[in-house]
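Biologist: I'm new to reading protein models. Could you walk me through one, feature by feature?

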Amino acid sequence: MVSIYVARVSERGYSAIFAAVSSFLQIWNRLFFAVLLLVLSNVLVYGHDTKDTIRIQKLIATARDSTRVPFAQRLEMANNALTLAGKEHFAAGEADALRTLGILYRQSGNSESAIKLYHRGMAIAKANKLRRTEADIHTSYGVLYTDLALYDSAFLSFARAKEIYRLLGDTTSMSALYN
């Protein structure tokens with residue numbers, strides 16, 4: 001009787017392990033095919049390679065956020081990202097690179113160039129329905145207008161950004177507007 005009970009318990013243990021391994025393999029399989037689909041869609045539908053989009057995003061992030069890198073080098077990185085995004089027909093990269101260039105020009109005191117760059121980036125974002133990028137550019141406009149003491153324009157830009165972030169459910173970006 002005891003040996004039958006032990007056999008059943010160990011049988012259940014193996015079936016639980018088998019079920020867990022089987023479940024893990026199913027999840028892994030789905031994840032693998034999802035990543036494969038993402039890569040193929042980038043190559044086939046958008047005409048660009050995932051590694052290029054990652055490179056563009058890294059160039060943009062480094063140009064925008066690395067304050068220890070000299071300004072000229074940051075400007076070069078953003079321009080390289082813009083060029084590569086254009087060659088790859090990567091609209092999100094183009095719009096974000098233009099926004100980053102606008103931020104850099106704003107920081108250097110060239111507000112006129114910043115406005116032109118934001119305008120070009122906004123046109124790309126709207127044409128490609130890149131709502132988050134639209135909101136980010138409205139935020140950048142708001143910061144620029146605040147620097148220029150154009151508070152009514154700044155308020156309107158921040159309000160537009162807030163509304164888009166709200167529609168996207170992005171409460172983190174929305175709350176950052178209040179800081």
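Biologist: Let's begin with I115: where is I115 placed?

Modeller: I115 sits in helix α5, residues 111–127. Helices here are DSSP runs of H or I with at least four residues (strands are E runs of at least two), numbered from the N terminus. Before we go on: this is a predicted model, where local features need pLDDT of at least 70 and side-chain atom pairs count only at pLDDT 80 or more, while totals for chains, interfaces and linings use all residues. Residues are numbered from 1 along each chain as its sequence is written, and side-chain values use heavy atoms, with hydrogens and water left out.

Biologist: Is I115 buried, exposed or partly exposed?

Modeller: The cut-offs are on relative accessible area: buried is under 20%, exposed is over 50%, and partly exposed is in between (1.4 Å probe, protein chains only). I115 comes out at 30%, so it counts as partly exposed.

Biologist: And what does T53 look like on that scale?

Modeller: T53 is buried, with a relative accessible area of 7%. You'll find T53 in helix α2, residues 50–65. The C-alpha atoms of T53 and A81 are 9.3 Å apart, although 28 residues separate the two along the chain.

Biologist: How do I check the span of helix α3?

Modeller: Take 1.5 Å times one less than the number of residues. Helix α3 (residues 71–87) has 17 residues, so it should span 24 Å, and its end C-alpha atoms are 24 Å apart, which agrees. Among the buried residues of α3 are L75, A78, A81 and L82.

Biologist: Which residues have the most contacts inside the largest nonpolar core?

Modeller: First, the idea: a nonpolar core is a set of buried Ala, Val, Leu, Ile, Met, Phe, Trp, Tyr and Cys residues joined through side-chain atoms within 4.5 Å. The largest one here has 23 residues, and I56, A81 and L101 have the most contacts inside it. Helices α2, α3, α4 (91–107) and α5 each supply at least two residues of this core. The largest share, seven residues, comes from α3. There's also a second, separate core of nine residues, including Y118, I137, Y141 and A154.

Biologist: What does Y105 contact, leaving aside its neighbours within four places in sequence?

Modeller: Contact means heavy atoms within 4.5 Å. With those neighbours left aside, Y105 is in contact with L75, N110, S113, A114 and L117. Y105 lies in helix α4 and is partly exposed, with a relative accessible area of 23%. L75 is 30 residues away from Y105 along the chain, yet their C-alpha atoms are separated by 8.7 Å. L101 touches L75 too, along with A78, N79, L82 and L117, not counting residues up to four places away in sequence.

Biologist: Where is A149, and how accessible is A149?

Modeller: A149 is found in the loop between α6 and α7 (151–168). With a relative accessible area of 44%, A149 is partly exposed.
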